[in-house]
Amino acid sequence: MHRTIASLSFALALAAAPAVALAQDSDTTAAVSDEAQRAIDEGVAAERVEDFASAVTAYERALSVRSEPSTWLRLAAANRALSRYSEAVAAWDRYLESAARTAAPEELARVRALRDAVAAQCTRVRLRFRPANAELTINGRLSSSRRSWSMVAADGARELLLDPGEYRLIVRATGFEPWSRVLSAPERGVQRSFDVELVQRDRPAAARVAGRPIPWWTFVGAGVFAGGAAAATVIAVQKVNAEAGCGNNPTCLESIAAANETRGIGIGISASIAAGGLILAISGVISGTTPQQLAPSTDSNQSPAMRTP
């Protein structure tokens with residue numbers, strides 16, 4: 001009897017589990033919706049008193065919870081009111097992307113026209129750089145920190161929209177000299193393009209030969225060679241002196257045979273160490289005095305490789 005009751009209870013629990021999960025999901029969705037709506041309401045209230053900066057913050061918070069086309073439109077309008085034209089364009093692009101199948105064609109056409117008119121007040125910048133893992137900063141901030149600075153963010157390429165103003169662009173990578181350029185962004189819908197080839201930094205060196213850096217390990221090799229050669233010479237002299245001291249006395253020669261055999265092994269080891277150091281030193285000199293084959297650092301306006309097809 002107890003087993004039957006237990007089995008029925010377990011079956012009822014299994015049957016009720018999906019309903020409980022659905023109820024929990026529904027509660028979570030409702031909480032997310034409420035949080036997003038509260039943020040939107042805050043943004044609308046801020047816009048009514050022309051506090052557009054607070055409105056942008058509220059709409060960004062709403063979008064981080066739930067992305068809706070209407071919120072992207074609100075965010076674009078608030079950014080435009082602050083003269084953040086590039087951010088407004090980025091928000092309109094997100095609206096057009098998310099509302100392409102649901103909004104009326106007339107509404108889409110209106111937003112596209114408004115978007116293009118505002119984009120014409122920005123400067124469009126395209127960069128290609130090598131190495132592809134280099135990092136781009138704009139006025140000290142990573143390009144990924146703003147939506148309008150990451151319209152295209154692929155390995156070795158960035159596409160940006162810049163509001164009117166002055167900007168310092170820096171491309172840097174470990175082991176390379178940074179590339180820097182200051183741009184003044186006018187309100188004329190200008191496009192600038194740059195192809196950037198970062199130049200490798202000189203390798204660490206303690207001296208130069210014919211203007212070329214000599215790597216530090218060249219001198220380590222030279223030191224190893226000198227030490228090994230000196231040790232081999234000292235041991236060889238000891239061996240020769242021991243044999244000379246015995247003359248032709250067989251008993252004496254027999255008594256120093258074991259020591260001289262050890263000295264011979266020591267000479268061989270020292271000579272091998274000296275040879276390794278010599279090879280290391282020579283390879284360092286050759287490497288240091290060979291010019292590096294690097295592509296030139298180039299940049300250009302309206303680079304054909306970066307123009308829109």
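The legends below describe close-up views of a predicted model.

**View 1**
Among contacts with a separation of 6 or more, 62% are between residues 24 or more positions apart.

**View 2. The largest nonpolar core, with 26 residues.**
Tyr59, Trp72, Leu75, Trp92 and Tyr95 have the most contacts inside this core. Two or more residues each come from helix H1 (2–48), helix H2 (52–65), helix H3 (69–81), helix H4 (85–99) and helix H5 (105–119). H4 gives the largest share, eight residues. In soluble globular proteins, nonpolar side chains tend to be buried together.

**View 3. Surroundings of Trp72, one of the residues with the most contacts inside the largest core.**
Neighbours within four places in sequence are left aside here. Trp72 is then in contact with Leu63, Ser67, Ala91, Arg94, Tyr95, Ser98 and Arg147.

**View 4. A further nonpolar core, of 20 residues, lying apart from the largest one.**
Trp149, Ala173, Phe176 and Trp179 are among the residues of this other core.

**View 5. Ala91 in helix H4.**
Ala91 counts as buried because its relative accessibility is 0%, and the cut-off for buried is under 20%. Not counting residues up to four places away in sequence, Ala91 touches Trp72, Leu75 and Ala76. Ala77 is 14 residues from Ala91 along the chain, and the C-alpha atoms of these two residues are separated by 8.9 Å.

**View 6. Helix H5 and its buried face.**
H5 has 15 residues. From its first C-alpha to its last, H5 reaches 21 Å, close to the 21 Å expected at 1.5 Å a residue. Its buried residues are Leu108, Val111, Arg115, Val118 and Ala119. Seen down the axis of H5, these residues fall within an arc of 100°, so they line one face of the helix. Pro105 and Glu106 are exposed on the other side of H5. The cover over the buried residues of H5 includes H3 and H4.

Note on methods: Residues numbered from 1 in each chain as written. Predicted model: local features only at pLDDT ≥ 70, side-chain atom pairs only at ≥ 80, totals over all residues. Heavy atoms only, no water. Contact = heavy atoms within 4.5 Å. Core = buried A, V, L, I, M, F, W, Y, C linked by side-chain atoms within 4.5 Å. Buried < 20%, exposed > 50% of the residue type's maximum accessible area, 1.4 Å probe, protein only. Helix = DSSP H or I, 4+ residues; strand = E, 2+ residues; numbered from the N terminus. Expected span 1.5 Å × (residues − 1). Arc of directions from axis to C-beta.
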